[in-house]
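Q: I have a model open and want to go through it piece by piece. Can you take my questions as they come?

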Amino acid sequence: MSEYVPIEVQDTSGPVLDVRDLRVWYASPKAPVQAVDGVTFALNPGEVLGLVGESGCGKSTLGRGLIGLLPRGAAVDGELYFAGREMLSLPAREREALRGADMGLIFQEPMTRLDPLMRVSEHFREALKAHEPDLSKAEVRTRAIDSLRALGIPPTRYRNYPHEFSGGMRQRIMIALALALRPKFIIADEPTTALDVLVEAQILRILADIRQRYSPAILLITHNLGIVAEACDRVAVMYAGRIVEQGSVRQVFAEPRHPYTQELMRSVISLKTRELHSIAGAPPDLSDPPPGCRFHPRCPHAMRVCIETSPPTIDDTECWLLDRNLSTADSTPLVRSEVSVADEA
Ligand SMILES: Nc1ncnc2c1ncn2[C@@H]1O[C@H](COP(=O)(O)OP(=O)(O)OP(=O)(O)O)[C@@H](O)[C@H]1O
Ligand code: SF4
Ligand SMILES: [Mg+2]
């Protein structure tokens, strides 16, 4: 691992993360998969942003693109600023040095990230020494045990191996490892999906506690809107590689503007649920997305204009319904047979 070089912070008053028109695509035999296609958002210090959307809409790709952890064959374009510093033009070695120390990543499946042959203590030693080589053995131990204790893992377990812990405990060890370095920005990609509801509640309490102690900015990727309501300040809704709506959790949950967000909200099961709602159809193939609005084949409010022209972003929502100046012809409701003719054209 490369030695940690603290980044030259150019602006501490602005957002931790400023993303403009970010695009990520994967090479594929047919055509490039446009997994993230023009995403723009900012994340302030101490803020928790929930990123939601159906499977395959590009959430993990966006997360990995932000932290510079994309697989070979993936390409990135756009602008990405971390603490005021442009990231995409940084040499790979410098970006690697930032990971862990300034940007942490919490994965869904801890066992794929923890080495079964290494004790917990060795994981901490490796992570901390890679970024702070001058730390003494005693300092490493103190930092690691503090971090584990904050996550409810007793110091007596410090020298255990990963397989000696339950799934929930392993997830907490992963989080403790990410936090021992006190990063300014953390991506948590489905951190509770594999866990039962009690452990999930525990992890959410821990995330709330971490916010109070260190105020990192957190991007929380999840399928679960209940988690967003509980743990996030703002929410970004992703569909087919684009953020179609973003805003405060309070505003988006009370008054979702985008038809996709409205449909997602209707799919949530609550005590008042009388019948289950699902969104008809499936997200598009991102190597050949539909023209115009990518949601038009599934949208209950689609209009003529939606099949031809990409919608504008108005009030942080990407939808033609918010454009008050549409002509009568453009705003004519779409007849579904026209969609299939347009798709075939
Ligand atoms: N390594 C890869 N090579 C090619 N295509 C990929 C690769 N990884 C992901 N994709 C494609 O990119 C798109 C976005 O995938 P991604 O994993 O980012 O979605 P996601 O929103 O995180 O889904 P999930 O909720 O299931 O985790 C999908 O069409 C997926 O098939
Ligand atoms: S732009 Fe048109 S198709 Fe897309 S979400 Fe809005 S109304 Fe529906
Ligand atoms: Mg994912």
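This is a predicted model: local features need pLDDT of at least 70, side-chain atom pairs count only at pLDDT 80 or more; totals for chains, interfaces and linings use all residues.

Q: Where does α4 run, and what span should it have at 1.5 Å a residue?
A: Helix α4 covers residues 137-150, which is 14 residues, and should span 20 Å. The C-alpha atoms at its ends are 20 Å apart, so the two agree. Just after α4, G152 has a positive phi of about 80 degrees.

Q: You mentioned α5. How many of its residues are buried?
A: In α5, 12 of the 14 residues are buried, so the rest of the structure largely encloses this helix. Among the buried ones are R170, Q171 and R172, along with I173, M174 and I175.

Q: What span does α5 have, end to end?
A: The end C-alpha atoms of α5 are 20 Å apart, in agreement with the 20 Å that its 14 residues should span at 1.5 Å a residue. After α5 comes R182, with a positive phi near 50 degrees.

Q: Switching to the core. How many residues are in the largest nonpolar one?
A: The largest nonpolar core has 87 residues. Those with the most contacts inside it are L51, A176, A180, L220 and V237. Helix α5 (residues 167-180) supplies the largest share of this core, 9 residues.

Q: Why would residues like that gather in one place?
A: As a general matter, nonpolar side chains tend to be buried together in soluble globular proteins.

Q: What is L51 in contact with?
A: Leaving aside neighbours within four places in sequence, L51 contacts K59, L62, L219, L220, I221, A236 and M238.

Q: What about the chain overall: how many helices and strands?
A: The protein chain has 10 helices and 12 strands. Of its 345 residues, 41% are buried. Among contacts with a separation of 6 or more, 68% are between residues 24 or more positions apart.

Q: Ligands next. Which residues come nearest to ligand 1?
A: Y26, S55, K59, S60 and T61 come nearest, out of 14 residues around ligand 1. The elements giving two or more residues to this shell are β2 (33-43) and α1. Of the elements, α1 gives the most, with 3 residues.

Q: How does the shell around ligand 1 divide by class?
A: The shell has 6 nonpolar, 7 polar and 1 charged residues.

Q: And ligand 2, which residues are closest there?
A: C293, H296, C299, C306 and C319 are the closest of the 14 residues that surround ligand 2. By class, the shell around ligand 2 has 11 nonpolar, 3 polar and no charged residues.

Q: Where is G58?
A: G58 is in the loop between β3 (48-52) and α1 (59-67).

Q: Is G58 buried or exposed?
A: G58 is buried, because it has 25 C-beta neighbours inside 10 Å.

Q: Which value does phi of A240 take?
A: A240 is not a glycine, yet its phi is positive, about 50 degrees. Most residues other than glycine have a negative phi. A240 lies in the loop between β9 (234-239) and β10 (242-248). With 23 other C-beta atoms within 10 Å, A240 is buried.

Q: And what is phi of D316?
A: Phi of D316 is positive too, near 60 degrees, and D316 is a residue other than glycine. D316 is in the loop between β11 (313-314) and β12 (317-318). It is buried, with 20 other C-beta atoms within 10 Å.

Terms used:
Residues are numbered from 1 along each chain as its sequence is written. Chains are lettered from A and ligands numbered from 1 in the order in which they are written. A nonpolar core is a set of buried Ala, Val, Leu, Ile, Met, Phe, Trp, Tyr and Cys residues joined through C-beta atoms within 7 Å. Helices (H or I, at least four residues) and strands (E, at least two) are DSSP runs, numbered from the N terminus. Two residues are in contact if their C-beta atoms, placed from the backbone, lie within 7 Å. The expected span of a helix is 1.5 Å times one less than its number of residues. A residue is near a molecule or strand if its C-beta atom, placed from the backbone, lies within 6 Å of it. Ala, Val, Leu, Ile, Met, Phe, Trp, Tyr, Cys and Pro count as nonpolar, Asp, Glu, Lys and Arg as charged, and the others, Gly among them, as polar.
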